[in-house]
Amino acid sequence: MKKKLVIFDLDGTLLNTIADLADSANYALGVLGYPIHDTVKIRSYVGNGINKLLERSLPEGEKTEENVMRMRSVFIPYYDAHNADLSAPYDGIAELLTRLQEKGVMLAVASNKYQAATEKLVAHYFPQINFIKVFGQRTDVPIKPNPAVVDEIIDAAGVMKQEVLYVGDSGVDLQTAVNAGVDAVGVTWGFRPKEELQNYPSLALIDVASDLLKYLE
C-alpha cells in the first residue's frame, strides 16, 4: 500500500542540532557551576526531551528535579537565541522533502524538543515545505515513545495507519512507531549508533536521505 504520510523526527533526522544543544547545555552547566561535557558525551544524552538532557548532564548526586529546573531556566533562553547558530539540515534532506511534497505525500514532524524551538527550527530551515503538523513536546502530551503525538498527526491527516511511514534516528523513534502501529525507517546519520537501531523492528536502516523514496510504494 502506498504511503500517504511521512512523519519525521527532527533532531538527528532532519537537522544536525547537536552543536547548538551541546553549547547551550554547557552554557547552563557553567552558569550553575557544574562541569561541562564534550559534544560526543552530550550526543548520548539527547532523545528524550530537554529535561532528560539536562538531568543526564548534571553530575551524579545533583540530578534533582530542582536542579533540572534551575538548569532549564538558564538553558531555554540561551538555546532560544542560539539554536540556529550551528545547526543545519543533513545532506539531501531539503531535496528529499521537496521531492516528497511534489509527489503529493503529506509531511509532518514529531519531536521531543519543546514546541517553540521545534516550530522555529522547522520554519527557519524548511520554509518551502508545507508540513501538515509540526509537533514538539507540549504540556499534557506525553513524549515519545508514547504514540500520542503520532496518533494526533494521523488523525489530522485522515489516513490509515498502513499509509503512514515514521522516520527517525533512535531507538526512541523506532519504539514510537511500534507503539503507534506504523511502519518505520531508521536513519544511520543521526545521533544514535546503528547498533541501537538494529535492536528495533523497521522496514530498513538507510544511510542516505534519497534511499527513503523506495519505501514509499
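Tutor: Contact means heavy atoms within 4.5 Å, and helices (H or I, at least four residues) and strands (E, at least two) are DSSP runs numbered from the N terminus. This is a predicted model, in which local features need pLDDT of at least 70 and side-chain atom pairs count only at pLDDT 80 or more, while totals for chains, interfaces and linings use all residues. Residues are numbered from 1 along each chain as its sequence is written, and side-chain values use heavy atoms, with hydrogens and water left out.

Student: Which residues in H4 does H3 meet?

Tutor: On the H3 side, the contact involves Ile 50, Asn 51, Leu 53, Leu 54, Glu 55 and Ser 57. The residues of this contact divide into eight nonpolar, two polar and two charged; Ala, Val, Leu, Ile, Met, Phe, Trp, Tyr, Cys and Pro count as nonpolar, Asp, Glu, Lys and Arg as charged, and the others, Gly among them, as polar. The partners in H4 are Val 68, Met 69, Met 71, Arg 72, Phe 75 and Ile 76.

Student: Why are H1 and H4 classed as they are, and what is the class?

Tutor: H1 (residues 18–31) packs against H4 (residues 65–82) at an angle of about 140°, with the axes 9 Å apart. The pair is therefore oblique.

Student: How do the residues of the contact of H1 with H4 divide?

Tutor: From H1, the residues include Asp 20, Leu 21, Tyr 27 and Val 31. From H4, they are Met 71, Val 74, Phe 75, Tyr 78, Tyr 79 and His 82. The division is eleven nonpolar, two polar and two charged.

Student: Which residues touch the most other members of the largest nonpolar core?

Tutor: A nonpolar core is a set of buried Ala, Val, Leu, Ile, Met, Phe, Trp, Tyr and Cys residues joined through side-chain atoms within 4.5 Å. Buried means under 20% relative accessible area, exposed over 50%, and partly exposed in between (1.4 Å probe, protein chains only). Leaving aside neighbours within four places in sequence, the contacts of Phe 8 include Leu 14, Leu 96, Val 167 and Leu 212. Of the 54 residues in the largest core, those that touch the most other members are Phe 8 and Phe 75.

Student: How many residues of H8 are buried?

Tutor: Helix H8 (residues 171–180) is mostly covered. What covers its buried residues includes strand E4 (106–114), helix H7 (148–157) and strand E6 (164–168). Among the buried residues are Val 172, Leu 174 and Ala 177.

Student: What is the relative accessible area of Arg 70?

Tutor: Arg 70 lies in helix H4. Neighbours within four places in sequence aside, Arg 70 is in contact with Leu 32 and Tyr 34. Arg 70 is partly exposed, and its relative accessible area is 34%.

Student: How far apart in space are Lys 194 and Tyr 79?

Tutor: Lys 194 is found in helix H9 and is partly exposed, with a relative accessible area of 38%. In sequence, Lys 194 and Tyr 79 are 115 residues apart. In space, C-alpha to C-alpha, the separation is 28 Å.

Methods:
Axes fitted to C-alpha atoms, helices over the stretch in contact; angles between N-to-C directions. Parallel < 35°, antiparallel > 145°, perpendicular 65-115°, else oblique.
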